[in-house]
Amino acid sequence: MSLLNQTGSVIAMNVRSIPQRLWMSLATVGSIALVVAVLLGFLALANGFNQTLKGSGAPDVAIALRDGSGSELNSVVSREQIDLLGQGPGVRAGPDGRPLISAELVLIVDGIKKSTATKANMPLRGIGPNGLLVRPQAKITQGRMFAPGSNEIVVGAGLLREFSGFELGKTLRFGAQTWKVVGVFEAPGTVFESELWADAPVIQSLFNRGSTFQTARVGLTSPAAMPAFVKYVKDEQRLQLKAQSEQTYFADQAERSGLLIKYFGWPLGIIMAIGALAGALNTMYASVSSRAAEIATLRVIGFSGFSAFIGTMVEALVLSALGALVGVAICAMGFNGLSASTLGAGFTQVAFRLQIGPDIITQAVTLALIIGLIGGIFPGLRASQQRPLLALAT
Amino acid sequence: MSALIQLKNVKKTYKRGKESITIFDGLNLTIEQGDFVAIMGPSGSGKTTLLNLLGGTDRSDSGEINFDGERIDGYNEGQLAGWRARSVGFIFQFYNLMPVLNAAQNVELPLMLTKLSAGKRRANVETALKIVGLWDRAKHRPKELSGGQQQRVAIARAIVSDPKFLLCDEPTGDLDRNTANDILGTLQQLNQEMGKTIVMVTHDPEAARFAKRTLHLDKGVFAEVTQ
Amino acid sequence: MTDFDLVWKNLFRKPLRTILLTVSIFMAFLIFGILTSLNVALDRASESGSASNRLVVSNKINFTQSMPYAYVNRVAAIPGVTAVTYQNWFGAYYQDQRTSRFVGFAVDPETYMAIFRDEARLTDAERQAFLTERTGVIVGKSLADRYGWKVGQTIPISSNIYSQANGRRSWDMKISGIFTGAKPTDPTTAIYFHYDYMNETITFERDQVGTITVVTASPDQNDQVAKAIDANFANSPAETSTVDEKTFSRAFLKQAGDLNFIVTMVVSAAFAAILMIVSTTLVSAMRERTKEIGVMKTLGFSSPRVLRMVLGEAVLLSSLGAVLGLGTSAFILTGLSKSPVGSSFGDLSMSPVVALSGLALAVSLGLVTGAIPALSALRMSIIEALNRG
């Protein structure tokens, strides 16, 4: 028999003998599945948050903030600065023929987070007619847009999912003013879905903001026009603003969520993986010792030690692959698309969905297979060193 | 001499699936204090069942089992366990030593069921191991001992708590002739010098020769007695 | 030899197997120890420095919205209020906005130190200096250690919210004192400076306060006083929301996410995994010993005693892993407490409650994993046991 045939039949014997150690093998599969599920859960959490942030930014929209302010909340932009921005290079014209600039202001109001029933920060954004033009993803899906000049609010679908108090038709009180929720908008996969929108001038007057804004979003003719516009804002002494592409702005924020994965997800995944690895090693050593007589007999017949090694190795890999499969299935059915929310960089809540993608599945499955590989190597070596004599001695 | 063990009209039936197999249908047996009885018989004759009944590890369906004036057939499981610990020393074919314990610790095992002090225990273990001639192997694990040595340790374990009665199940079944004879000689010595009452189940007529008498069991009945 | 010796020897019958099981259990308890302690520390951080007779008044719209300065005196006049102070969140950072942000509040020194005397401990000389120096700042000991600040030194503190009328975004502040917490474990990573110094120099939001802290005559009056305050400002442009300090900080922490939920899920997953690993391995280990258990029973060991030994072995195994795991996590937590990130959580070290619940968990884990083999040992008939293997 060739080495290949030998190995093939030993692998078949190994795999067929798994039911003899059914419970230990199932425990190995189960523990690896849990490792994969926990790691994948964290990865999906961060992935969903990142995707939402990245999905929010357009490459041909510049966002201008006060130089030095890290987020919209800390920024101030005046009417004069906005007019100056409109004179920059590459600015697209809106339907009215004037520069497409959405001057906006954001303030924080309280909402109630459904999962914890505690107060949470909701962004209330004041926008003008251009607000929707710089966010082509956003569409009113229920009710209607707020009427300019009125105390009306439209609410993001993501915010509705995670927080209570802003349902369609509801009347809200902020300070001495009452507001009415007249519409729900969707902007799938963006942070804007976690916002409340109202007419900018109304917010300015009711919240004593005078005529100041906090940010300006400037529509450019193309992404290629971005560098020139950014340079214009930097060099224009009267502006004292900093412009960047919306895409870069959100990508910077996404970077921070990587910390969750770096300091929490992976260490946990690895600690659990070591625990599961110990279990896998035990199962595989039990496999080798329960088949000691069988292996020794095969060795007497003339099978190589290598085939015994590969047989054990493949058994371990089969168990870990099964575990990975179950773990991915748990995540795909239990976590994928699950809605969550956390405090974003703007000090307001961002609602997002957990998202499993091929790249993070690959990472988790790799971890499972590493468990299988290490869990198979040492018991496999022991199997390959089984002396042919033993079978005869007993 | 008074009777140490008395079986009166003992009946025992096993159920195997829907079939019921009668092993004993009114067995009587008396074993005197200080006797050494070999029990022989073909497979299925009821030897093992008898051994289990004598050792209190199985129950009869009816009849009386008396030991030293006590009726043990009515004992519950806990009482039987206590009785075994006090009164019976067991010697098995495959020694059945605990692999994780060394010789001395194996011998000490039954003393864990007594209230003896640590010092007294150590003395008893030493005495028992010296009787079987293995005091110098006290610290060895079973797998470091030969078959004969392991059986000697098992004998020391059986006598360490000084029971009146030793029950041996094929004690030499796994040993070569010379070693077997050594072991049987030791049992004979325990019977003659220490007055232990011994019942030994065996296949081996040579072994039976070391006993004072041999009972032949066949189909649940003692067929013939050789003195 | 005692039963314990026997259990111990049996436990290490196959040392490799036992070591591997211990590693599994160790990892689960490491996760339990660290995550639970972090959770406890966060809970405690939300409560540290909160007194039962203190309320926080903030703008009803959201606590980031400010209130007119005039509210301070109006609140002070409400019956049941014995003291008030106020503070503005400054968005403070030192040199680098990304890496060195910390808690910074503009406060009214006299009333602030009267109320928070215990939370921010200063010497009399330092307190006096802080009262008299208009640009004075008191800094927490952890922060002073981190940046090497000394009393008397002038440091530039920047804000990511405010800027000065002269265009500068940093304020030169002179360190009047370095404070320590009520307990050595309380976080001291904040700075406090004069409200007036900030208010006179900022370009917008002048004469506005962020939150007002109220001391009530007794905790029993909290509800009544809170209602009175909120009623007082009802229907004004800046309505208020008044809650006790603990509720205020807890709601704030919950914003990041439901940490309790995540910790519970992860710890459960880790324990489900070792439960499977350990119980199935113990079942198979006990199956190897069926005959030995039969022999023990034959020798006269009672079934309950055998059951106790088998359970004891499982409990011993899980306790061994648990003690090592909890010990290691205590060690790691101590290290973490000293790191800059960890120190902002305050005392991270393992509390006795966590340690004890870990041990209780270990015993339950042992009982659960040992249950199947122990029950089969209990029920095993001697005859069957001896005939097997």
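In this predicted model, residues Asp3(C), Phe4(C), Leu6(C), Val7(C), Trp8(C), Asn10(C) and Leu11(C) of helix α1(C) are in contact with Arg305(C), Met309(C), Gly312(C), Glu313(C), Leu316(C), Leu317(C) and Leu320(C) of helix α12(C). The residues of this contact comprise nine nonpolar, two polar and three charged ones.

| Helix | Residues in chain C | Residues in the contact, among them |
|---|---|---|
| α1(C) | residues 3-11 | Phe4(C) and Trp8(C) |
| α12(C) | residues 303-338 | Met309(C) and Leu316(C) |

The axes of α1(C) and α12(C) lie 9 Å apart and meet at an angle of about 60°; the two helices are therefore oblique to each other. The crossing in which α1(C) passes α12(C) is right-handed.

A further helix of chain C, α9(C), spans residues 245-254, and its buried residues are Glu245(C), Ser249(C) and Ala251(C). Why do these residues lie on the same side of α9(C)? They cover an arc of only 160° around the axis, which places them on the same side of α9(C). In general, an α-helix has 3.6 residues a turn, so residues three or four places apart point the same way.

In chain B, Ser87(B) belongs to helix α2, which covers residues 77-87. Is Ser87(B) buried or exposed? Ser87(B) has a relative accessible area of 9%, and is therefore buried, the cut-off for a buried residue being under 20%. Leaving aside residues up to four places away in sequence, Ser87(B) touches Phe67(B), Pro163(B), Lys164(B) and Phe165(B).

Technical notes. Residues numbered from 1 in each chain as written. Chains lettered and ligands numbered in written order. Predicted model: local features only at pLDDT ≥ 70, side-chain atom pairs only at ≥ 80, totals over all residues. Heavy atoms only, no water. Buried < 20%, exposed > 50% of the residue type's maximum accessible area, 1.4 Å probe, protein only. Helix = DSSP H or I, 4+ residues; strand = E, 2+ residues; numbered from the N terminus. Arc of directions from axis to C-beta. Axes fitted to C-alpha atoms, helices over the stretch in contact; angles between N-to-C directions. Parallel < 35°, antiparallel > 145°, perpendicular 65-115°, else oblique. Left-handed = near helix turned anticlockwise from the far one by under 90°. Contact = heavy atoms within 4.5 Å. Nonpolar A, V, L, I, M, F, W, Y, C, P; charged D, E, K, R; others polar.
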